[in-house]
Structure formats: C-alpha cells, structure tokens
Amino acid sequence: MRHFLNPLDFSVAELDQVLDLAEEIRQDPARFRDVCKGKKIATLFYEPSTRTRLSFEAAMLNLGGSVLGFSSADSSSAAKGESVADTIRIISGYADIAAIRHPKEGAPLVAAQKSWIPVINAGDGGHQHPTQTLTDLFTIRTLKGRLSDLTIGLCGDLKFGRTVHSLIFALSRYTGIRFVLISPEQLRVPDSVRKLGLETKNIPFKEVERLEDVIGELDILYMTRIQKERFFNEDEYIRLKDSYILDAEKMKLAGPDCLVMHPLPRVNEIATEVDDDPRAVYFKQAHFGVYARMALIMTLLGLKGDETAC
Amino acid sequence: MLNVGALENGVVLDHIQAGRAMSIYHDLGLHKLDSCVAIIKNARSNKMGRKDIIKIEGGLDLVDLDVLGFIDHNITVNIIKDGVIVEKRDLTLPKRLTNIIKCKNPRCITSIEQELDHVFEHSEAEGEVYRCIYCGETSPYKYRR
C-alpha cells in the first residue's frame, strides 16, 4: 500500500505516470466518471481550507466516488482529545482512502503508520503540501509541454513558504532546470533547502532582491505572498515592498511565454489587473489541481481508467 | 600518576573528550548499573593532550553503541576479556535514533501525540545532521563536539 506524504515519495517515473493519467483525465473526464464508484474518500481536515479540501472532494465526486469527513478539528473527536493515530484507525474502517490536513507537522506520517488505507498529506503545518506540488508540476507540464529546460523564478517569502521548498526539490530532479530566487535577504530559502535542493545537485540558481531586474529571463514566475511582519525593519519593508507586487507594468517586462503561477490564496501580491493577462495561469492552476488529485486517488487505489471499482 | 586497577572483563570507552565523561556516564544510563564503573578524568593522552576514560565491568550489552556513536563517534570502544583487549569496536553515526533525543519543534506532531516515539534519522547529505522523521527539524546538538 502506498501513501503520498512528500512529493519525493514518488520517483520521477512514478510522478510522470500520475501526470500522464491526469492529462488523460483532463482530455476525457467522462471516461473516468465511474472509476471510483462505491469508493469513499475521508477528508480529515483539522484546520480550515477552501481549495484543497474542495478539490479533493470534487476529484472523488468526479470519479464517481463519495466523500465523508470533517472540516475543522472542532467538529471531530480531536476536540475530545482523540489522537491522530486512533482517528485514522477508525476511519480506515469507514473509507477507502484518506486525505489529511493538520496544523502539526508530521501528522500525516503518524496517520500513515497506523492506517490500513492509503493516506494523502493535504498539508501539515509549514512542512509539506505535496498535492500542491503535484498540481504545480501538472500545470507546468501541461502549459509548457515539459518539466525540463526551464528557468523558474520563485518570488516572495522563500524562507517560510512550504510550496516553494517542495517545488524546488521536485523540479531539481529534472534536467536543465535553473532557479532565480527573488526575495528580501531575510526571506531567502533556508540553508537546508539551498544545500540539499540546489547545491548538492549542482542546480544553477541566483538570489536577487528585485523582481523587475529578472522577470524578463523567466519561463515561469511563481509568486507567493510576503507578509509585512516578516520584515525585520520598516525601512527594508518600504524599500522592497513594491518589488513583490506584480502589476501590469512589471508584466510588460516579462516574456511573451512567461507563465505566472501562485498557490493561492492571493492577497495583494498580484494586482487584479494581471488576472486577464493570458500569461496569468493561477486560476487555471487551481482547476488543474482537481485532475492531479483525481489521478493521485486512482493511482493510490490501484485503479485504471478502463475498469470500474466494483 | 594515578593508577586505576586493570579491568578483567568489560568495556573501556577511551578517547573521550576531556571533561565529558560524567555527562556520557549519565547519557548512557551507567548510573543505573549494578556493575563496577570507573571514571578517569583528565588522563594524559598523546593524541588528545587530555582525555577522559570510562571502564565498565561486564558485557558490551551494557553500552548502547547507537547512543555513544551519536554522542561522539570518535570515542574508542575496547572490549576486554581476561585482562586483554580482544576487540576494538569502531563507532559510526547511527542511521536512526529512537527516544534518544526529543524533537523541540513546537509545531511537530510529537508535541501533542503523547505515545509517539521521538525518532531522528541521519541526513547523510548534510554530514552529521539528524532530522526528525515527522517534521524534518534538525536535532539539538548539545552532545556533539
């Protein structure tokens, strides 16, 4: 039995298979509408989430399956003090697969250790969010046609952003990848990510402070939110804050094929005037997340498109 | 020069960094043993200048080599039988440590699930770094040189 707790749990070949399946589903969703008939996914969300929980539920419903679960710790037995280990033992008898989001890092691993059904990490604190990475990879591959030979700009809070760290590790397994890391000095990628994700793999990268200086050389611009309170001093914030807000002016400096991605929710780091730019793909990216999760559910349940679950 | 009697059967932990024998004595749980244990502090050493030594009467099973390897893999372990060294055991960094160090990350699941073992694994690509298998936090290095 396989779980999906970390994007690196799957080899590049296995990930490619999942992404191939996601593309098949995208091309012909009707072919897959009964694949999970009679199957249930438990969405165990110990903290609020909009896109992730609903996209898991949409994914299972699109596959003909059913959904059960809870959307906050308050409405589960966690409020009575039940452990994650006990909860997953119970849920294992109720559902065929589980997606778990928990504020504590490593909770999905605890669940996987005790579970009799496949467990998907739907986000654990600031640690991992592998289905976001799967979504990001699927979006890039679908819209760019490849996951190799790309210059990827990661912009914003690169220190605390888990999606950014996961994406660096996932993309560093492909050839011809180059990163441009755009952040204030205090919010650069942690040493462990720089060392393990980039330096030991000889992945070319550079670290810069201003988006305007590099946006023209990017194939992908991956934006993340940067919070004022992350800056150590007010002067630094005032000096740099505008650099991390993507607007129509900056988009004029970007190449014609540069894709703008964002894990969402967006606050003000991308001006709404950018939304209509065909290079802005963050809403499409959120939609692609459903196909990626459909493919993942099928893979972990060992199902193929041409057979039904019953 | 102080002379400590030779060990007939037991284990000698040699080349301990000077001043650390007492903490290692406690970390290995040697204070709980019934057998005879000798601690020699600040012994002269050609290699180290000064060193500490611990002599333990009894078998090697009294010493957790994983804990010792984590504390300091430069310590030499000599096994004594009938008054002579019959084996020198090299210490290596253990692959996995269970309930030897505690994860200090307040965001880690180990902070709320009381029954969970605290497990760290050696991150080979990072040298002597250990990471919590749950949250990825690095281990506190209160023991290491």
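Trainee: A residue is buried if 20 or more other C-beta atoms lie within 10 Å of its own. By that rule, how many residues of strand E6 of chain A are buried?

Mentor: This is a predicted model. In it, 5 of the 6 residues of strand E6 (residues 177-182) of chain A are buried, and the strand is thus mostly covered.

Trainee: Which strand is joined to E6(A) by 6 bridges?

Mentor: That is strand E5 (residues 150-155) of chain A, and the two run parallel. Within this pair, Cys155(A) stands opposite Ile182(A).

Trainee: Through which helix does the chain cross from E5(A) to E6(A)?

Mentor: The path goes through helix H6 (residues 162-171) of chain A, giving a β-α-β crossover that is right-handed.

Trainee: And how many bridges link E6(A) with strand E7 of chain A?

Mentor: Strand E7 (residues 205-208) of chain A pairs with E6(A) over 4 bridges, in the parallel sense. Here Val180(A) stands opposite Lys206(A) in E7(A). The chain passes from E6(A) to E7(A) by way of helix H7 (residues 191-198) of chain A, and this β-α-β crossover is right-handed.

Trainee: Let us stay with Val180(A). Why does it count as buried?

Mentor: Val180(A) has 22 C-beta neighbours inside 10 Å, and therefore counts as buried, since the cut-off is 20 or more. The residue lies in strand E6 of chain A.

Trainee: Which residues does Val180(A) touch, leaving out those up to four places away in sequence?

Mentor: Its contacts are Thr151(A), Gly153(A), Lys206(A), Val208(A), Val214(A), Glu217(A) and Leu218(A). As for Val208(A), it is 28 residues from Val180(A) in sequence, with a C-alpha to C-alpha distance of 7.4 Å.

Trainee: Stepping back, what domains does the assignment give for chain A?

Mentor: It gives domain 1 (7-128 + 289-301) and domain 2 (131-285). Taken over C-alpha atoms, their centres are 26 Å apart.

Trainee: How many residues of each are in contact?

Mentor: In domain 1 of chain A there are 19 residues in contact with 15 residues of domain 2 of chain A. On the domain 1 side, helix H1 (12-27), strand E4 (119-124) and helix H10 (282-301) of chain A each give two or more residues. The largest share, 6 residues, comes from H1(A).

Trainee: What is the make-up of that side by class?

Mentor: The side of domain 1 of chain A that touches domain 2 of chain A has 12 nonpolar, 4 polar and 3 charged residues.

Trainee: Turning to chain B, what is the strand order in its open sheet of 5 strands?

Mentor: The order is E2-E3-E1-E4-E5 (chain B), and the pairing is antiparallel. Strand E2 (37-45) and strand E5 (84-89) of chain B have a single partner strand each, so one side of each has no neighbour in the sheet. From one strand to the next, the twist averages 25°.

Trainee: How many bridges join E4(B) to E5(B)?

Mentor: Strand E4 (residues 76-81) of chain B is joined to E5(B) by 5 bridges. In this pair, Ile79(B) stands opposite Glu87(B) in E5(B).

Trainee: And which domains are assigned in chain B?

Mentor: Domain 1 (10-89) and domain 2 (96-132) are assigned there, with 26 Å between their centres over C-alpha atoms.

Trainee: Finally, how many residues of chain B are in contact with chain A?

Mentor: There are 14 residues of chain B in contact with 15 residues of chain A. The chain B side has 8 nonpolar, 3 polar and 3 charged residues.

Notes
Residues numbered from 1 in each chain as written. Chains lettered and ligands numbered in written order. Predicted model: local features only at pLDDT ≥ 70, side-chain atom pairs only at ≥ 80, totals over all residues. Domains from an automatic or database assignment. Buried ≥ 20, exposed ≤ 12 C-beta atoms within 10 Å, placed from the backbone. Pairing = 2+ DSSP bridges. Right-handed = clockwise from strand over helix to strand, strands pointing away. Axes fitted to C-alpha atoms, helices over the stretch in contact; angles between N-to-C directions. Contact = placed C-beta atoms within 7 Å. Nonpolar A, V, L, I, M, F, W, Y, C, P; charged D, E, K, R; others polar.
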